[in-house]
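Here is a short tour to read alongside the structure. Have the viewer open and follow along as we go.

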Amino acid sequence: MCGRILADLGADVVKVEPRGGEADRLRPPFVGDVENSERSIPWLAANVNKRGVTCDLGSSEGRALFARLATKARIVVESFPPGRFGELGLNELLRDAIVVSITPYGQSGPLARVPASDLEVTAASGSLWLAGEEGRPPVRTAQPQSPYWSGMYGALGALVALQSPVAQRVDVSAQAAMATVHPPATLWWDIAREEHRRTGPFLLGRSNVGSRFRNLWACADGYVSFAIQGGPIGRHTGRMLAEWMAERGTVPAVIAAIDWERFDNTRLTQAEVDELEAAIAPFLLSLTKAEFFDTVVRRKMLGYPVGDASDSLADPQLRARDFWQMLSPAEGLAPLPFPGGFALFDGQRPAVRRPAPRVGQHNAEIYREAGVAPDELARLRAAGVV
Amino acid sequence: MTEIATRPSPRTHPGALGGIRVVEMGFAAAGPLVGKYLANFGAEVIRLESRLAADVFRTTYPPFKDGVVGPDRAAMFAFYNDGKRSATLNLKNPNGVALARALIRTADVFVESFTPGTVARLGLGAETLRADNPGLIVLSSCNQGQTGPHAFHPGYGSQLSALAGFVQLLGETDSTPVLLYGPYIDYVAVGYGAIALLAALERRKRTAVGCTIDLSQYEAGLQFLTPTILEFAANGRIPGRAGNADAVAAPHGVYRCAGLDRWVALSVWADGEWRALRALMGIDGPSTAAARRLGRVELDERISKWTASRDRDLVVKLLRSEGIHAAPVLSISELFTDSQLAHRAMWPAVTHPTIGEMRLMAPPFRLSATPSVQERPGPTLGADNDHVFGEILGLSLDERRTLERDGVFE
């Protein structure tokens with residue numbers, strides 16, 4: 001993912017894989033449910049916009065070949081177990097490059113060599129602790145998130161290092177990366193010695209008296225995200241809710257009684273919050289996601305439907321901004337909508353311009369660029385180095 | 001040839017971003033955290049604020065020191081804005097706008113996170129600022145982007161995380177979705193925002209031209225959900241919540257241990273690991289991963305039965321010694337004592353003039369030669385007025401007194 005972000009920004013990113021391709025190429029699900037090395041959806045998501053070569057880093061010839069390629073690079077990204085890159089002699093070869101290392105726990109420390117996947121680093125970061133229902137196990141996001149966070153911070157670290165005159169190492173820890181996604185929780189412990197924990201659909205940390213507010217509600221065809229909130233926009237939202245209820249029928253007495261000019265959600269007791277929420281729940285249950293979305297946008301209220309992949313693709317805002325970019329992920333496959341570049345630069349969105357590489361797809365052109373003669377490449381091929 | 005440097009002690013280097021000046025106007029998390037990361041690596045980040053409309057993190061969001069609300073008692077502000085300077089300006093006063101514009105003329109980067117159109121109405125739009133200063137990089141970060149039918153819709157990150165699809169993917173299959181605790185998507189946009197403006201700084205080295213960056217927090221967040229979009233478009237399936245099940249590993253879950261709310265996370269990726277787990281726990285189950293995925297409910301019960309009476313940390317130790325992926329589900333308070341995070345100095349301690357000793361959050365990536373330095377919490381309101389208006393803009397004490405009388409620094 002780190003390389004993907006740099007590639008999106010226009011960098012020439014070359015993916016170096018072992019012979020036969022990396023194991024992640026076989027991570028399900030697959031386009032059309034056909035399992036092969038060109039169809040893994042998570043792999044494609046992380047590798048568009050790159051070129052690719054194969055190189056056997058296990059052989060000394062392979063390492064020499066890699067060195068010829070990598071010495072021309074300003075940034076080298078690696079995710080071997082800590083120490084392995086150095087054992088292969090690659091640190092010595094890459095003294096002028098920024099080397100970004102992405103591992104579960106970082107390059108050093110008591111856990112550096114402990115294996116972990118998304119689930120374990122999420123557990124060790126505190127973010128798993130904060131998600132789920134009381135009395136049931138903490139849960140993780142079904143689309144693994146730590147590879148994205150680690151990759152994003154790797155790209156950020158690389159770009160910070162590029163501004164410095166010295167070549168250096170960037171050491172990303174996935175555990176630390178996941179510990180940055182819930183800052184108020186750490187703050188509440190540090191300042192107030194309050195241990196926040198998972199509360200299902202409720203939000204914590206908005207109250208001076210410890211009340212919690214429901215943020216996810218059932219609606220007619222799914223769920224919506226809505227909350228009783230303070231501040232100017234929160235009070236506006238409450239006032240609009242009361243008007244909306246009045247138009248659709250009657251306003252419950254506890255809602256009608258609120259003076260929204262002076263409303264302060266941070267002082268409500270839990271009993272007061274519960275009473276208000278009990279009055280709001282039936283109203284939201286009567287609405288569809290689409291009705292809710294249209295009205296909150298029109299009335300400038302805080303709130304959104306709980307969206308899924310189909311809602312995202314239909315979203316009028318994303319369409320108006322030409323967000324989706326169609327790209328055939330591999331030869332012979334129908335184009336798919338990829339999220340386009342993550343920001344507009346002077347009005348231009350970086351393109352999803354190149355499918356992810358097939359195994360060794362660019363061996364000839366990239367090794368030629370690195371100064372490897374055709375007969376030498378043929379010999380390396382025959383020797384199984386590429 | 002440059003050596004790969006070992007880690008020097010703080011203060012011996014100017015920081016990777018030394019010499020870069022950032023002026024920032026915004027509120028809450030999504031805009032300001034961008035500046036925090038830049039400040040941690042040596043950029044001079046000046047927060048322009050107003051006493052008349054202070055950040056909600058100063059005025060509204062608890063916790064406050066001793067529960068007493070006040071702009072300099074707000075821990076949220078202090079935490080999210082470490083390493084920055086604060087200068088106050090009343091932008092409803094034309095002199096205030098002129099001073100802001102003069103300051104931004106000296107800057108490399110301007111970050112703002114207001115509703116689209118707000119800074120332009122104040123006379124601080126990107127075109128104006130870049131005409132003053134062609135090398136300026138302007139980052140505008142907002143909920144839905146600067147254009148489009150929903151551009152003006154107000155929104156907070158926790159609810160935008162729901163719209164984007166994160167919430168839909170979190171929870172048990174037999175129950176409702178659950179929250180990701182806070183404004184998850186804001187933090188995604190923070191990373192992408194910082195990346196975008198550093199990329200623009202890198203380009204400026206070659207072109208000497210700045211850039212106007214329009215960052216939609218929604219679009220940034222969707223990058224992290226790319227596979228779910230592709231899965232729906234390619235295969236017609238809408239990915240949803242799956243408890244702790246994984247598409248490959250089985251078992252893969254979170255299991256109760258002895259004590260109150262103590263849990264272990266573990267996952268099995270290879271048949272050898274499964275044999276080791278089976279032997280350790282004395283449980284039975286299918287030998288192939290495909291069969292284990294099908295029988296996961298039953299397997300989870302058997303594993304829970306074994307873990308329920310055992311100490312969490314002992315279970316983790318046993319599992320790791322067998323080469324099985326495992327970790328404790330750390331509570332938030334435990335993050336402060338976790339030896340690995342401590343090794344990385346994840347929570348640097350500083351002293352705030354009102355709040356007292358408090359912990360900040362370190363960047364999760366460490367630079368070997370120019371590491372992050374975090375010595376100051378978020379500034380008190382207007383703490384750096386003398387520096388900004390006196391030293392940077394060169395206003396004399398008399399000039400500043402006159403402007404102060406006119407309410408320009410409110």
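In this predicted model, 125 residues of chain B are in contact with 125 residues of chain A. Helix α8 (residues 184–207) of chain B gives the most to the side of chain B that touches chain A, with 12 residues. That side of chain B has 76 nonpolar, 37 polar and 12 charged residues.

- Let's start with an open sheet of four strands, which runs in the order β3(A)-β4(A)-β5(A)-β12(B) with mixed pairing.
- The edges belong to β3 (75–78) of chain A and β12 (365–367) of chain B; each has a single partner strand, so one side of each is left without a neighbour in the sheet.
- Direction ignored, neighbouring strands of this sheet are turned by 15° against each other on average.
- Where do the chains meet within the sheet? Strand β5 (residues 169–173) of chain A and β12(B) run antiparallel and are joined by three bridges, with A:Asp171 opposite B:Arg366.
- Helix α7 (residues 146–162) of chain A packs on this sheet, touching β3, β4 (98–103) and β5 of chain A together with β12 of chain B. The direction of α7(A) makes about 160° with that of β4(A).

**Another pairing between the chains**

- Strand β13 (residues 344–345) of chain A and strand β6 (residues 211–216) of chain B run antiparallel, joined by two bridges.
- In this pairing, A:Leu344 stands opposite B:Asp214 of β6(B).

- Why is helix α10 (residues 226–235) of chain B described as largely enclosed by the rest of the structure? Nine of its 10 residues are buried, so the description follows from that count.
- The buried residues of α10(B) are B:Thr226, B:Pro227, B:Thr228, B:Ile229, B:Leu230, B:Glu231, B:Phe232, B:Ala233 and B:Ala234.
- Their cover includes three elements of chain A: α2 (41–47), α14 (309–314) and β12 (336–339).
- After α10(B) comes B:Gly236, with a positive phi near 75°.

**A covered strand in chain B**

- In a regular strand the side chains alternate between the two faces of the sheet.
- Strand β4 (residues 109–112) of chain B is covered on both faces: B:Val109 and B:Val111 on one side are buried, and so are B:Phe110 and B:Glu112 on the other.
- Strand β1 (residues 21–25) of chain B runs parallel to β4(B), joined by four bridges, and B:Val22 stands opposite B:Val109.
- Strand β5 (residues 137–142) of chain B also pairs with β4(B) in the parallel sense, over four bridges; here B:Val111 has B:Leu139 as its bridge partner.

**Domains and the overall picture**

- Chain A is divided into domain 1 (2–183 + 318–382) and domain 2 (201–306), and the C-alpha centres of these two domains lie 42 Å apart.
- Chain B is divided into domain 1 (21–224 + 345–405) and domain 2 (252–336), with C-alpha centres that lie 42 Å apart.
- The secondary structure of chain B comes to 17 helices and 12 strands, and its C-alpha atoms fill a box of roughly 85 × 55 × 50 Å along the principal axes.
- Of the 410 residues in chain B, 56% are buried.
- Among contacts in chain B with a separation of 6 or more, 70% are between residues 24 or more positions apart.

Technical notes:
Residues numbered from 1 in each chain as written. Chains lettered and ligands numbered in written order. Predicted model: local features only at pLDDT ≥ 70, side-chain atom pairs only at ≥ 80, totals over all residues. Domains from an automatic or database assignment. Buried ≥ 20, exposed ≤ 12 C-beta atoms within 10 Å, placed from the backbone. Contact = placed C-beta atoms within 7 Å. Pairing = 2+ DSSP bridges. Axes fitted to C-alpha atoms, helices over the stretch in contact; angles between N-to-C directions. Nonpolar A, V, L, I, M, F, W, Y, C, P; charged D, E, K, R; others polar.
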